[in-house]
Structure formats: C-alpha cells, structure tokens
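Please consider the following note alongside the sequence and coordinates.

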Amino acid sequence: MNVRSAGARPAAESASPDQIPDERPPGGRGRRIPREWVLAIVGSVLLAVALTWPTLRHPATTIPGDLGDPTLQAWQVAWSGHALLSNPLGLWDSNTFYPEKYTYAYSDTLLGYASAGMLGSGFEAAVVRYNVLYVLLHALACLGAYALARQLGANRWGGAVAGVAWAFAPWRLAHSGHLNILSSGGIALALAMLARGHGWSLRHGYRPERRRPGWALAGWLVAAWQVSLGFGIGLPLVYFLLAAVLVAAGCYGWSWWRRRERPPFGRRLLLADLAGGVAFGAVTVLLGLVYLRVVDLNPQAQRTLDWTKMFSPPLMGFLTAPGDSWVWGERHAAAREQLSWPPEMALLPGMTLIGLAAAGLFVSAYPLRRRLALGLGVLGTVLLGLGATFGGDGDPGYLTLSRLLPGWDALRTPGRMMHWTSLLLALLAAGLVTALAESSGRATNRRRTRILATLVLLVPLALVTVEGVNRTPHPTVPPPPAALRSAPDPILVLPAGGVGDLTYMLWTTDGFPRVTNGLGGFEPASQAQTRVAVASFPDPGSVAYLRGIGVRSVVAVPSRAAGTPWEGIEARPVDGLGITREDRDGVLVYRL
C-alpha cells in the first residue's frame with residue numbers, strides 16, 4: 001500500500017526540505033535559516049541534553065561511561081587542538097608512548113574534533129570539552145537523521161521520529177564510553193546534503209530542477225569530516241559512497257542509452273562533485289597512509305580475523321538491549337548473559353523502531369520499490385552485522401569484505417553495522433509516520449479531530465524517546481597530582497600498564513609533558529620492555545635503563561599501586577642510586 005498526499009494542505013507540514021522556499025530578509029539580500037531548521041537545531045540540542053543527563057550536571061569532574069576509553073578520548077581531542085596550535089608538524093608524534101613515533105594514530109584519532117581541542121587548556125577543560133562533545137554529537141545525529149528523512153520525502157513528524165530513533169537508539173548506550181563510535185551524525189548529514197545537492201529523494205526520485213551544487217560540495221566535505229573522526233565508523237561510509245557513485249553513474253548511463261539523450265546533470269554540479277570527491281578522497285588516503293605507517297613500525301598492530309570472529313554477535317543480539325537502557329536494561333539481563341561480549345553484541349535498535357519500520361514496508365509515503373530497497377538494505381546490513389555467525393563462518397558476508405576490501409579487516413566489530421541498520425529502519429519508520437500524518441490531515445476538517453490526530457502522532461515519537469532514556473554511570477575523574485606538573489619530562493608514571501595509563505594520558509593535558517605511558521589499540525614492543533625493566537624500580541638496573549631511553553623523572557602514585565609490582569614502592573631505598581626522591585602530598589617524584 002502506498003499512501004500519497006492529495007489535496008491542499010499546509011506547505012510547511014508536507015514539504016520536504018527542497019520544497020521549502022528560501023526566506024530572505026527585507027531588501028532581498030542574504031538568507032536566513034528557515035524557522036523549521038531553527039526549531040530542529042534547538043530541539044535536537046535540548047533533547048540531547050535531556051537524554052544524556054546527567055552528563056552536564058558536573059561537566060568538570062565526571063565523565064559518562066567509565067574511566068577507560070573516555071579518558072583516552074578526552075586526551076585525544078585535547079592533544080589534537082594543542083598540537084595544531086603549537087606544532088602542527090608534530091601532530092602524529094604525541095606526548096605519550098615516549099619514545100615511539102606516530103603514537104597519536106594508535107587508536108581512532110577523533111582528529112575532526114581538533115577545533116574543539118583548541119578551546120581552553122588543561123585537565124579541567126579537557127573533561128568539560130569531552131562532556132560537551134558527548135552531548136552535541138547526539139544532537140548532531142538527531143539533526144542529521146531528521147534532515148535526511150526530510151530530504152528523502154518525510155514530513156516533520158516522520159523526520160522527528162527518524163531523528164530521535166536513530167540518535168538515541170538503545171544499542172548506542174552500550175557505547176557510552178566510545179566517543180568515536182557515537183560520533184556518526186556526519187553520516188546522515190552528509191547523505192542528506194548529497195541527496196539535496198543532486199535533487200534526489202526516495203519519494204520523487206531524481207528531479208534535475210532541484211539540483212544544488214553547493215549542497216553537494218558541502219555533503220562531500222561533511223563526509224570527509226566524518227572520516228577524520230576515525231575509520232571505525234568512517235570506512236563503511238567510504239565504501240558506501242563509492243558504491244553509490246558507481247550505481248548512480250550506471251543508472252545515468254543506462255537512462256542515456258535507453259532514451260537516446262543525455263539526462264540533465266550540469267557542469268556546476270559535476271565540478272562540485274569532483275572538488276568534493278577529491279577532498280573526501282584526499283582525507284581518506286592521507287589518514288590511511290598514517291595508519292599504514294603505524295602498522296609498518298608495529299607489525300603487532302595488524303589485526304587478524306580471529307578478532308572479528310570473537311566479536312561477531314548472534315542473531316538474538318539484535319533484540320537485546322545493553323544494561324544502560326532504562327526501559328530494557330534489567331528486562332534483558334538474562335539475554336545479555338548469553339552473549340559472550342555484551343558491549344559489542346547488545347544491538348537492539350529499539351522495539352518501537354522495529355515495529356514502525358516493519359509496518360513501513362506496507363504503509364508508506366515512499367513508492368513500493370524504494371521501500372523494498374530500504375527493507376533489503378536492512379536485511380543486508382543485519383547479515384553483515386552477524387559477522388562470522390552468518391552462515392557458520394561469515395563467508396560470504398562480513399569476512400568476505402575483510403578479505404577483499406582494503407582496511408575492512410581492521411573493523412573487528414561487525415555489530416557496528418547497526419549504524420546503517422538503524423538508519424534504514426528509521427527511514428522506513430519515517431515513511432510510515434508521514435503517510436499516517438498526511439492521511440489524517442486529509443480526513444480531518446474539525447479542530448477537535450485535528451487535535452486528536454496530533455495526539456495519535458505523538459505516540460510513536462514519545463515511544464522512541466522513552467526507549468532512549470539512559471542509566472549510564474558518570475564516575476568522577478581523578479584529578480592530576482600537582483607532582484606531575486613539577487616533574488621534568490620525559491616522565492614514567494607508576495604503576496604502569498593497564499587502564500590506569502588512560503588516566504595518566506588525560507592527566508598530561510596539563511602542559512602535555514612527554515610520558516612513556518599510554519594505552520591504545522595495540523602495545524608497542526618498547527612499552528612492554530619498559531614495564532619489565534622497571535618492575536623493581538628504584539634499583540641500579542631500572543635507573544640505568546630509564547636513563548638510557550631518556551627518561552628524566554619517575555612519578556609514583558602509591559595509592560594506585562596495590563596488587564602491582566610497585567606496591568610498597570614508598571619503602572624502597574634510593575641510597576647510592578644517584579637519584580633524588582621527593583614526597584608531594586603522597587605522590588613520589590624521583591629525579592634521575
């Protein structure tokens with residue numbers, strides 16, 4: 001069934017973005033943002049503040065998720081801003097993992113947030129910056145999905161449901177500590193801009209008269225920015241856009257051959273695509289070369305397909321919510337116990353969203369063939385998301401792509417295809433809600449009936465919103481000791497190794513002293529060697545080793561050393577070692 005709009009209705013209610021007229025101030029010069037988009041931006045931000053609460057309650061002292069990856073990523077954002085302001089050529093050689101090179105690329109870099117990293121300095125600014133970005137990335141995802149749904153033919157009701165359902169899907173709560181995974185708003189926004197620039201929508205297909213070269217160029221640039229946040233989410237976008245270009249070119253050629261005349265495209269749009277495509281490709285290639293250099297220097301960084309097999313979720317994972325979900329967390333506890341790695345396998349996109357999308361296959365504002373294409377996209381991304389559990393070995397499937405597509409083998413977590421699955425589900429849901437809204441709009445002439453219809457349309461929006469409510473922990477971030485700021489670098493912080501190194505990385509945002517500590521996607525050989533060599537510090541062998549690699553001081557935090565080789569370090573003598581020791585508020589500073 002395909003429910004189409006008919007008859008007169010308010011343009012603002014039914015128009016897609018490319019149908020909304022430009023609003024110009026008196027005098028005819030310049031443009032102002034249409035009221036719809038002001039409301040969409042403000043609404044996305046306010047909703048993000050509410051649904052990520054209490055992130056902004058104590059933004060200078062707490063952090064969402066845990067004290068692992070969030071502290072690493074707060075450091076990453078701070079480092080990129082600091083490096084680009086002080087020494088751009090030294091960006092990749094960060095202050096951690098001393099004396100290794102290219103250490104900033106030991107994980108997804110979040111380089112696209114460098115401009116935020118330029119605002120403020122020091123530890124407290126790094127924590128506040130992270131929390132603000134955490135809220136804003138949810139707002140961007142909501143706004144991006146809203147814009148994409150509107151461009152593809154949904155009305156405001158459909159766009160709102162799509163935006164909320166995608167940005168606050170329950171599965172995202174499993175990644176509250178992964179800023180790089182949550183930062184996917186650029187995907188939807190880039191697709192919306194590219195579709196608008198090329199005059200294309202699900203509802204109406206290709207309309208040459210609605211081409212906007214500027215929007216197309218902007219779409220490519222936003223896509224490049226998305227890739228700069230990391231390949232973990234960006235690489236599938238690269239291959240999707242490459243496939244989309246090939247399919248679009250094939251369809252264009254087929255239409256030309258069939259009609260014996262060239263379909264309109266335009267030189268300006270072609271130039272915009274070429275310029276944007278070159279920028280997008282350059283960012284992708286340059287970042288890729290950096291990661292290849294890291295693998296050259298550290299062969300152990302190469303990931304095998306055993307990682308992919310380990311993180312491949314079972315089918316039931318797509319109906320299981322993470323523990324941080326307020327609605328489903330406790331209810332799905334038994335199901336999560338059957339998952340070998342719940343943080344990457346609890347992939348529920350939302351029960352409401354699944355139901356709306358399923359109904360959207362039958363009742364929709366989109367033509368039948370296009371909603372079927374969306375449905376096939378959902379099926380395809382789910383099969384890819386199963387990884388090695390599909391067909392018994394994932395081949396053909398996700399593992400096939402890992403063998404054939406450059407870089408895909410580094411994407412060890414197939415479940416993150418849920419970005420695409422849930423986006424397609426959101427578009428199907430938007431088509432359904434749009435059809436229902438337009439059908440009720442044609443049938444309601446009385447004010448009371450219109451109010452009732454509005455209340456009915458609020459139900460799906462309210463349900464997807466409630467499913468996005470979190471119970472994410474917000475632990476307090478330990479502040480850096482004053483002793484760290486006074487110690488000459490390069491520095492070794494003890495106890496070394498494990499997630500504690502992530503906290504030390506964040507501590508270094510006060511001045512960015514060089515430290516041997518660090519934790520990333522792999523461990524460089526020198527770091528393991530250093531831990532072994534200093535296990536008995538302070539003694540003659542460890543002191544000689546540290547001096548040999550250029551370390552000038554050691555900062556030991558006895559309160560964090562329980563259960564490590566450095567437990568009781570405060571009682572170890574330093575006589576005859578040629579070093580000094582100073583106790584500053586329970587933190588020991590050894591000068592070598």
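1. The model under review is predicted.

2. Helices α5 and α6 are considered first. Helix α5 spans residues 123-151 and helix α6 spans residues 156-167; their axes come within 7 Å and cross at roughly 145 degrees. The crossing of α5 past α6 is right-handed. On the α5 side, the contact is formed by His138, Ala141, Cys142, Ala145, Tyr146, Ala149 and Arg150. These residues meet Arg156, Gly159, Ala160, Ala162, Gly163, Val164, Trp166 and Ala167 of α6. By class, this contact comprises 10 nonpolar, three polar and two charged residues.

3. Helix α8 (residues 185-197) packs with helix α10 (residues 231-259) at an angle of about 20 degrees, and the two axes lie 11 Å apart. Because angles under 35 degrees count as roughly parallel, α8 is roughly parallel to α10. Their crossing is right-handed. Helix α8 contributes Ile187, Leu191 and Leu194 to the contact, while α10 contributes Ile233, Leu237, Phe240 and Leu241. The contact of α8 with α10 has seven nonpolar residues, with no polar and no charged ones.

4. Helix α10 also packs with helix α9 (residues 213-228), here at an angle of about 145 degrees and with the axes 8 Å apart. From α9, the residues in contact are Trp220, Ala223, Gln226 and Val227. Their counterparts in α10 are Phe231, Ile233, Gly234, Leu237, Val238, Leu241 and Val245. Nine of the residues in the contact of α9 with α10 are nonpolar and two are polar, with no charged residue.

5. Which residues are joined by cis peptide bonds? Pro54 is placed in the loop between α2 (35-51) and α3 (69-86). Another cis peptide bond joins Tyr98 and Pro99, where omega is about 5 degrees. Pro99 belongs to the loop between α3 and α4 (114-117).

6. Leu110 also deserves a remark on backbone geometry. Although Leu110 is not a glycine, its phi is positive, at about 60 degrees. Leu110 is in the loop between α3 and α4, the loop that also holds Pro99.

7. How many cavities of 30 Å³ or more does the structure hold? There are five of them. The largest cavity contains about 80 Å³ of space. Its lining consists of Leu51, Thr52, Tyr134, His138, Ala167, Phe168, Ala169, Arg172, Leu173, Gly468, Asn470 and Thr472. In terms of class, this lining has six nonpolar residues, five polar residues and one charged residue.

8. His138 and Ala167 are among the residues that line the largest cavity. In the contact between α5 and α6, His138 belongs to α5 and Ala167 to α6.

Definitions and conventions: Residues are numbered from 1 along each chain as its sequence is written. This is a predicted model: local features need pLDDT of at least 70, side-chain atom pairs count only at pLDDT 80 or more; totals for chains, interfaces and linings use all residues. Side-chain values use heavy atoms; hydrogens and water are left out. On a 1 Å grid over the protein atoms alone, a cavity is a set of points where a 1.4 Å probe fits but cannot get out, and a pocket is an open set with protein on both sides within 12 Å along at least five of seven lines; lining residues have an atom within 4 Å of a point. Grid points are joined across faces, edges and corners, and a volume is the space filled by probe spheres set on the points. Ala, Val, Leu, Ile, Met, Phe, Trp, Tyr, Cys and Pro count as nonpolar, Asp, Glu, Lys and Arg as charged, and the others, Gly among them, as polar. Axes are lines fitted to C-alpha atoms, for helices over the stretch in contact, and angles run from 0 to 180 degrees between N-to-C directions. Helices (H or I, at least four residues) and strands (E, at least two) are DSSP runs, numbered from the N terminus. Angles under 35 degrees count as roughly parallel, over 145 as roughly antiparallel, 65 to 115 as roughly perpendicular and the rest as oblique. A crossing is left-handed if the near helix is turned anticlockwise from the far one by less than a right angle, and right-handed if clockwise. Contact means heavy atoms within 4.5 Å.
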